[in-house]
Structure formats: structure tokens, C-alpha cells
There are 2 protein chains.
Amino acid sequence: MSSMPGELPIPEMAAVDLGAVLSALADPHRRAVVLELVDGDGAERACSSFPLPIAKSTRTHHWRVLREAGLVRQRDAGNGTFVRLRRDEFEAKFPGLLDVVAGISTAGISTARSAPVR
Amino acid sequence: MSSMPGELPIPEMAAVDLGAVLSALADPHRRAVVLELVDGDGAERACSSFPLPIAKSTRTHHWRVLREAGLVRQRDAGNGTFVRLRRDEFEAKFPGLLDVVAGISTAGISTARSAPVR
DNA sequence: CCGGAGGTTCGAAGGTTCTCGTACCTCGTC
DNA sequence: GACGAGGTACGAGAACCTTCGAACCTCCGG
């Protein structure tokens with residue numbers, strides 16, 4: 001558990017369980033968020049910048065799930081909170097997973113797909 | 001929904017949802033089963049041949065989940081049931097997913113790993 | 001200093017999941 | 001024909017998940 005100033009506690013990557021990760025990614029809201037982060041530039045993003053159609057207490061819940069599943073790092077800046085994917089760490093422990101899920105989720109949304117969903 | 005003699009009904013691949021797949025793979029028992037199927041030779045396997053430490057009614061439940069998530073095809077042979085991974089179909093719709101999950105799950109169990117879990 | 005935007009915590013409702021035992025079915029074997 | 005192995009269907013319990021509203025906190029801007 002790291003605990004920097006403003007950084008919310010997150011599990012060490014070694015303690016993260018694949019089952020928890022897959023559960024986290026199974027939810028459409030959370031997957032949508034992770035998707036945006038994956039094909040973002042890796043920079044920090046305001047939590048409020050994700051257009052989730054749910055109550056704010058529910059959003060808090062989802063951020064906690066993503067944090068505890070080892071997917072994101074979250075920083076509390078007083079007036080707002082910010083998230084960052086744990087890209088490299090995550091990739092080291094679960095190689096290929098983010099790319100594959102992102103690829104699958106993106107397929108069918110692409111403007112020029114090679115093989116239509118049918 | 002296909003329905004051959006003895007074949008239990010399964011969803012068409014097009015109707016399978018990634019969320020359902022990830023949920024299915026999130027459970028340790030089910031993931032263990034899928035793992036065995038992935039690094040098997042693709043042949044049919046008796047459902048009774050998986051050493052799951054759970055009641056048989058619970059096993060029935062898990063097989064249903066795997067079936068409905070589009071991961072396996074199940075055949076009822078009167079005295080016993082058999083499963084087969086929907087390998088190619090699944091690979092076509094969710095490219096790389098099975099291999100990545102299998103790879104991750106296998107890492108740390110391998111006899112000669114390149115990078116210890118640490 | 002007051003209001004609003006952004007968040008957290010708490011408690012509760014509603015649904016789903018995992019688990020099991022019991023009852024029942026279907027074969028193959030003795 | 002009776003028995004056991006392998007399964008399914010059903011019902012029930014415990015745990016968990018997602019969702020929300022209400023109450024509260026913390027900043028920044030006017």
C-alpha cells in the first residue's frame with residue numbers, strides 16, 4: 001500500500017488478483033473508463049471528466065473498485081480527484097491484458113474496421 | 001442458439017457480451033476449467049474429469065455460466081456430459097483474450113519462468 | 001463569507017452470485 | 001431389475017454488487 005500526500009492507498013501489484021481485475025473489467029461503466037484511459041496519453045485525468053450517467057456516490061464506489069483491483073492510481077487534490085492508469089506496473093504483472101480488452105472493446109466502434117461485426 | 005441432438009443450447013457468438021465473458025473468467029473454479037481446456041488439445045473432455053472441490057449441483061451451475069458466456073459447448077451423452085472450448089469462434093470474436101488470460105494464469109506455475117512473480 | 005462543484009461516507013433497497021442439499025432423471029453394469 | 005455414477009431442476013441461505021439519497025466535507029471564485 002503506497003501512501004503519498006493526496007494519493008489514495010492502492011495495493012501493491014504483487015497482491016493484485018486476476019479474479020478481481022476481471023471482475024472490475026466486467027462492469028460496463030468501469031470498462032468504459034479504463035478504455036478511455038488506455039487509449040489516452042497516459043496523463044492524469046480529472047475523475048469528473050468521465051461522462052458516467054450515475055450518481056456521484058456510485059462513481060466513488062466504482063473508483064474504489066478500480067483502485068483496489070490495481071488498475072488505477074487516484075490522487076485527491078482537495079477540490080477534485082484525478083486518476084492515472086497503472087500502465088507499466090499492470091502490464092508487467094498482467095501482460096497483454098489491457099491491450100486485448102481495449103482492442104476487443106474498440107472493435108466495432110472503429111471508423112474503418114477490417115471485419116464488420118456482422 | 002444451436003440445438004443439435006444432445007448439444008445443450010448455447011448463444012451465437014455474435015450475441016455474446018464481453019462483460020459476461022469477463023465475469024465468467026473472474027471465478028477461480030471456472031477459470032481453472034477454462035485454463036485446462038485452453039492448454040488441452042482442443043478435444044472433448046468429460047465434465048466429470050475436472051477435479052473441482054464443489055458439490056455437483058454447483059458444478060452444473062458453473063457449466064451453465066460458461067456455456068451462456070459463450071466459452072464452451074456442452075454435449076449431453078446420457079450417462080455423462082462433455083465439454084469443448086469454442087476456440088476458433090471465440091478467438092474470432094475476442095481475439096487474444098483466451099491466450100492472454102491463460103498466459104497470465106499459467107505464469108508462476110511454469111517450471112522454467114523467465115521472471116519470477118517476486 | 002457564502003455558494004457551488006466535486007467527493008466521501010453511511011445506510012438501505014433490489015438484484016445477482018455462489019453454495020449447498022434434496023429430489024429426480026438416465027444410462028451402463030452386475 | 002437394482003444399483004451406482006453422472007447430471008439436472010429446484011429451493012434456500014449467505015454474501016456480495018450496484019445503485020441511490022441524505023448528510024457532510026473541502027476547496028475555489030465571486
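**Chain contact and DNA surface**

The two copies meet through the same surface, because 95% of the interface residues of chain A are also interface residues in chain B. Two residues are in contact if their C-beta atoms, placed from the backbone, lie within 7 Å. The model is predicted: local features need pLDDT of at least 70, side-chain atom pairs count only at pLDDT 80 or more, and totals for chains, interfaces and linings use all residues. Residues are numbered from 1 along each chain as its sequence is written, while chains are lettered from A and ligands numbered from 1 in the order in which they are written.

In the contact, chain A takes part with 19 residues and chain B with 18 residues. On the side of chain A that touches chain B, two or more residues each come from helix H1 (18-26) and helix H5 (97-106) of chain A (helices are DSSP runs of H or I, at least four residues, numbered from the N terminus). H1(A) gives the largest share of this side, 6 residues. By class, this side has 12 nonpolar, 5 polar and 2 charged residues. Ala, Val, Leu, Ile, Met, Phe, Trp, Tyr, Cys and Pro count as nonpolar, Asp, Glu, Lys and Arg as charged, and the others, Gly among them, as polar.

Chain A is superposed on chain B by a rotation of 180 degrees with 0.0 Å of shift along its axis (RMSD 0.0 Å). The two copies are therefore related as by a two-fold rotation axis. The superposition is by least squares on the C-alpha atoms of residues with pLDDT of at least 70 in both copies.

Around DNA strand D there are 20 residues, of which A:Ile54, A:Ser57, A:Gly78, B:Cys47 and B:Thr60 come nearest. A residue is near a strand if its C-beta atom, placed from the backbone, lies within 6 Å of it. Helix H3 (56-68) of chain A and helix H3 (56-68) of chain B each give two or more residues to this surface. The surface near DNA strand D has 6 nonpolar, 12 polar and 2 charged residues.
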